[in-house]
Amino acid sequence: MSYQVPLQDMAFLARSQQQSSGSNASPEGSDSREQASMILEEAAKLAQQQWLPCNRSGDQQGCVLENGKVQLAEPIRAAFRNYADAGWMGLAMPERWGGQQQSEVLGSFVGEMLTSSNHALSMLPALTMSACRAIISHGSDELRDTYLPPIIAGRWSATMCMTEAHCGSDLGLVRSKALPDGEGFRITGSKIFISYGSHNASDNIIHLVLARLPQAPAGIKGLSLFLVPEKIQDGFQVWQQDNAVVCTGIEEKMGIHASPTCSISFENSLGYLVGEENGGIKAMFTMMNEMRLGTCLQGVGLSEHSYQRSLEYAKERLQMRSLSGVKNPAGEADAIVEHPDVRRMLLTQKAFADGGRALANYCAQLLDQLAEDPQNKDAKLLLELLTPIAKGFCTEAGLESASHAIQVYGGHGFISENGVEQLYRDGRIATLYEGTTGIQALDLLGRKVLGNQGASLRLFTKKIHLLCKENLEHPKLAKLAQQLHGFAKEWPDLSMKIGMKAMQNHDEAGAASFDFLMYSGYVTLGYFHLKSAAEACELLKADDSEFSAEFLQQKIQLANFYLQRILPRTAGHQATMLAELNSLDAVW
């Protein structure tokens, strides 16, 4: 399977970010750009030359559970070790514990490369780094100084252990227990669906486990978070003593076969409190929010990889003649890329990839702003609003892109030989874990919009209004700006209508939430496409642009396609979210 990291698209977004922050005006900013470019080029080599080649073999070989320990496919294990031993695990981690402290924006670009080239393998470092964030934010100094250095160095990995057989999204039903034992706690319980809960690619695995203390309140308010190592120190202070953490099985799955999805039993295992007693949900959601943005990248990467595979095939596959006249007179048929419906699918994939990448990049910028100034209220509100959109919408869009890839290939996409069916199988999980699309939708509408009386939504729709206002008389973009402009008012108006209905019956919000999320996603990507087109127009005027005229024209054309042919999907979602609640009544 061929995949080339879209370095030019990433450079375009990086330039946009630097222009908005003004960092390119200083010599330090120039040095930083050069350093970032070098890092991205090296990461691209790793993704293309080491991770991509084992994507298919890892899928075919899967994992094996032997004597309570998972054995990864050897190419997968080797690819991860090469990545970890080269220091990539600490790319965006603090220097204090051995990281390189690069920006979240840079980490986001690298994360996309990894998930695009090998979805199953990319989950291991992504989960590990998200666990690090939870430990950094909520762990004691002793926990941080003990556990972060070997994790960031790549010697150890980490997981999050929430789900139990009887509770998935409803974490208030968690039954795992924690009993005080000296300076630590003894953890007992069973968890399922633990990605990389056991494997042979690191020396130790650190589990972050939700469990309930004695006398804890019922529901999620009674959950605490515990750090439970697979191995603890023996009498010689060597980390090799088993801690009664047992892998009892691995799941047979639709996709991500190279990633072990484990059932883990904690059998009076020694653990340490992370954060406050009964404050586990707050601590765990530090990790969850990080993973939701990481899952957004999985959707973006899926769209990008699906697009590249589809475009390559569409240029080579000869079928029928173009309706507008022969395009390949030397051949017996024209390439299918000449057919409008195939171009529709290709442009849809590309629009989802570019727009999703811009959204993910913006969320990473907000994370960097909050790291610099934790009291930045606007950045906090915008990130809260955009996180469920990024996770929910971009993963749904990625799955649509993978479906289009199979369709472009036709019958050849349905067989395993060409590899595009693996893209769909692997990508299907992204709409499920870290909260299903329905959960993201409820979070967006209930908490992030209605929950703060639309404050975060108004911040973003103001950005839409200002961008459109700047371009309403633009010679190339006026029509597109006019198409998007009305959403700056319509979007918050819709939320108010739903909110009023929900005051009478809370089910109104639940019934509208999915369509509200999809509507929000289409409008959000519309904003980023228009923004990219406006910046491309400005660069076309420059004499020293680092981007070719062809590349910049493609950005403008892609915005034109998106706003004319994808954004109108909002009309259907609007009608559905406002439909009468009794349309969902049924007798089963």
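**Helix H5 and the spaces around it**

Tutor: Start with H5, which has 14 residues and reaches 20 Å from its first C-alpha to its last, close to the 20 Å expected at 1.5 Å a residue. Keep in mind that this is a predicted model.

Student: Is H5 mostly covered or mostly open?

Tutor: Mostly covered, with twelve of the 14 residues of H5 buried. Among them are Glu104, Val105, Ser108, Glu112 and Thr115.

Student: Take glutamate 112, then. Where is it, and how is it classed, buried or exposed?

Tutor: Glutamate 112 is found in helix H5. It counts as buried because its relative accessibility is 1%, and the cut-off for buried is under 20%.

Student: What is glutamate 112 in contact with, leaving aside neighbours within four places in sequence?

Tutor: With that exclusion, glutamate 112 is in contact with Tyr3, Pro6, Met10, Leu297, Val300, Gly301, Glu304 and Arg357.

Student: New topic. How many cavities of 30 Å³ or more are there in the whole structure?

Tutor: The search finds three of that size. The largest cavity has a volume of about 580 Å³.

Student: Which residues lie nearest the centre of the largest cavity?

Tutor: Gly107, Ser108, Gly111, Glu290 and Leu297 do, out of 30 lining residues. Leu297 is also one of the contacts of glutamate 112.

Student: Which helices supply at least two residues each to that lining?

Tutor: For the largest cavity, they are H5 (104–117), H6 (119–138), H8 (280–316) and H9 (340–372). By class, this lining has 19 nonpolar, eight polar and three charged residues.

Student: And what is the volume of the second largest cavity?

Tutor: About 120 Å³. The second largest cavity is lined by 14 residues, and Thr115, Ser116, His119, Leu302 and Leu423 are the closest to its centre. H5, H8 and helix H12 (420–427) are the elements that give two or more residues to this lining.

Student: How does the lining of the second largest cavity divide by class?

Tutor: Into two nonpolar, eleven polar and one charged residues.

Student: How far apart are arginine 428 and glutamine 453?

Tutor: They are 25 residues apart in sequence and 33 Å apart in space, C-alpha to C-alpha.

Student: Last one. Where does pLDDT stay under 50?

Tutor: Over residues 23–29, for which the model has six contacts beyond four places in sequence. The chain averages a pLDDT of 95, and 98% of the residues score at least 70.

Note on methods. Residues are numbered from 1 along each chain as its sequence is written. This is a predicted model: local features need pLDDT of at least 70, side-chain atom pairs count only at pLDDT 80 or more; totals for chains, interfaces and linings use all residues. Side-chain values use heavy atoms; hydrogens and water are left out. On a 1 Å grid over the protein atoms alone, a cavity is a set of points where a 1.4 Å probe fits but cannot get out, and a pocket is an open set with protein on both sides within 12 Å along at least five of seven lines; lining residues have an atom within 4 Å of a point. Grid points are joined across faces, edges and corners, and a volume is the space filled by probe spheres set on the points. Helices (H or I, at least four residues) and strands (E, at least two) are DSSP runs, numbered from the N terminus. Ala, Val, Leu, Ile, Met, Phe, Trp, Tyr, Cys and Pro count as nonpolar, Asp, Glu, Lys and Arg as charged, and the others, Gly among them, as polar. Buried means under 20% relative accessible area, exposed over 50%, partly exposed in between (1.4 Å probe, protein chains only). Contact means heavy atoms within 4.5 Å. pLDDT is the predictor's confidence in each residue, from 0 to 100. The expected span of a helix is 1.5 Å times one less than its number of residues.
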